[in-house]
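Me: I'd like to go through the labels used for this structure. Could you give the value behind each one?

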Amino acid sequence: TQEIATLLKAGLPLDRALEVIIHLSENDATQELVKQIREDVRGGATLHAAMEARNGVFSRLYLNMIRAGEASGALAMVMARLTEFMERSKELKETVKSAMIYPVILVMVAVLSVVVLLMFVVPQFSQMFAESGKALPLPTQIVIAAGDFFRKYWWALLLGGYLAYWLMGRQMANPASRYRWDERFLGLPLIGDLLARIEVARFSRTLGTLLANGVSLLSALSIVRETLTSSFMAERLDGVVAQLREGKGLGRPLLETGVFPGLAVHMVMVGEETGRLQEMQFQVADVFDREVQRTVKRMLALMEPVLILGLGLVIGSIIMSILVAIL
């Protein structure tokens, strides 16, 4: 997208720009895709139609932006805006992914440490205790029983984990179950607030980008609905679209949903009143992008000591149960 935008700005015709992309690409699948699009364009099809013919490759948002750019004669500018939009969306995803790396590693180390203790260290002491013939304290009996269970039924734990993952995948694939889970996620403390901010940032940037390229508000909202990952928030947006058709505006129906943060809704209302809705959408997206980064940092600051403390308590409890029996 960025390369095409640059080539079009430099004055190259579309088919020539596509030809250059084919030679620049090092990926065979990308080359084949662009070749098909180029052939359709040379055959008289619009870029939007050529891309739409490649089913499942380009999103509805992308296709509508290209269509608006071709209709307005500003395809190069639209491609540049698409590039910026995609980069900002990727930055937001990467922020969340990067923030989760350390906690995930910490949890994996914690689980591995406990498994090693229970499966390999505790059995050495349990054999010694059995030979002594003394009655063991309750904490020591619990730890030894847990170690025996891990050694004998580790396969059942792995199978249970896989089944839980499979069932969760089935639940999320079912629209009704997905809706209920999304509602529960949004109701969680801290996590629900973070998810709502991520969705609002995506919603606002997508809507602003579409409006800036001449897509009508009603059409833009129906496209934005498909970009939301929370089916609960997407369903609430259906009611907003219905009220918008009745002439009730955008801000008030968004407020009535109860799922969009008050700050975002009031900024939308200001944009409607001043006739600068698309500009306000970009401001909302910038504000909530920063809010997401702050919330993630705050959660990490809370999560790291909690995980370390939890790991210390679990391992410490195992060690103390052995020491109590020895003493």
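Me: Where is alanine 29 placed?

Reply: This is a predicted model. In the model, alanine 29 sits in helix 3, residues 28-42.

Me: Why is alanine 29 called exposed?

Reply: Its relative accessible area is 56%. Exposed means over 50%. Alanine 29 is therefore exposed.

Me: How many residues separate alanine 29 and valine 224 in sequence, and what is their distance in space?

Reply: They are 195 residues apart in sequence. From C-alpha to C-alpha, they are 28 Å apart in space.

Me: Now threonine 257. Which helix holds threonine 257?

Reply: Threonine 257 belongs to helix 12, residues 251-257.

Me: What makes threonine 257 count as buried?

Reply: The relative accessibility of threonine 257 is 15%. The cut-off for buried is under 20%. So threonine 257 counts as buried.

Me: Which residues does threonine 257 touch, leaving out those up to four places away in sequence?

Reply: Threonine 257 touches Arg236 and Val240.

Me: What does the side chain of threonine 257 reach at 2.5 Å?

Reply: That side chain reaches the backbone oxygen of leucine 254.

Me: Let's turn to helix pairs. How are two packed helices described?

Reply: By the angle between their axes and the distance between the axes.

Me: What are those values for helix 1 and helix 6?

Reply: Helix 1 covers residues 2-9 and helix 6 covers residues 75-132. Their axes are 8 Å apart, at an angle of about 150°.

Me: Why is helix 1 called roughly antiparallel to helix 6?

Reply: The angle is about 150°. Angles over 145 degrees count as roughly antiparallel. So helix 1 is roughly antiparallel to helix 6. The crossing of these helices is left-handed.

Me: Which residues make that contact?

Reply: Helix 1 brings Gln2, Ile4, Ala5, Leu8 and Lys9. Helix 6 brings Leu75, Ala76, Met79, Ala80, Thr83 and Glu87. Seven of the contact residues are nonpolar, two polar and two charged.

Me: How do you know that helix 8 is roughly perpendicular to helix 11?

Reply: The axes of helix 8 (residues 175-187) and helix 11 (residues 231-245) cross at roughly 100°. They come within 7 Å. Roughly perpendicular covers 65 to 115 degrees. Helix 8 is therefore roughly perpendicular to helix 11.

Me: Which residues of helix 8 and helix 11 make the contact?

Reply: From helix 8 come Arg178, Tyr179, Asp182, Glu183 and Leu186. From helix 11 come Ser231, Phe232, Met233, Glu235 and Arg236. The residues of this contact divide into five charged, four nonpolar and one polar.

How values were computed:
Residues numbered from 1 in each chain as written. Predicted model: local features only at pLDDT ≥ 70, side-chain atom pairs only at ≥ 80, totals over all residues. Heavy atoms only, no water. Axes fitted to C-alpha atoms, helices over the stretch in contact; angles between N-to-C directions. Helix = DSSP H or I, 4+ residues; strand = E, 2+ residues; numbered from the N terminus. Parallel < 35°, antiparallel > 145°, perpendicular 65-115°, else oblique. Contact = heavy atoms within 4.5 Å. Nonpolar A, V, L, I, M, F, W, Y, C, P; charged D, E, K, R; others polar. Buried < 20%, exposed > 50% of the residue type's maximum accessible area, 1.4 Å probe, protein only. Polar contact = N/O pair within 3.5 Å; in protein donor to acceptor, adjacent residues only side chain to side chain. Left-handed = near helix turned anticlockwise from the far one by under 90°.
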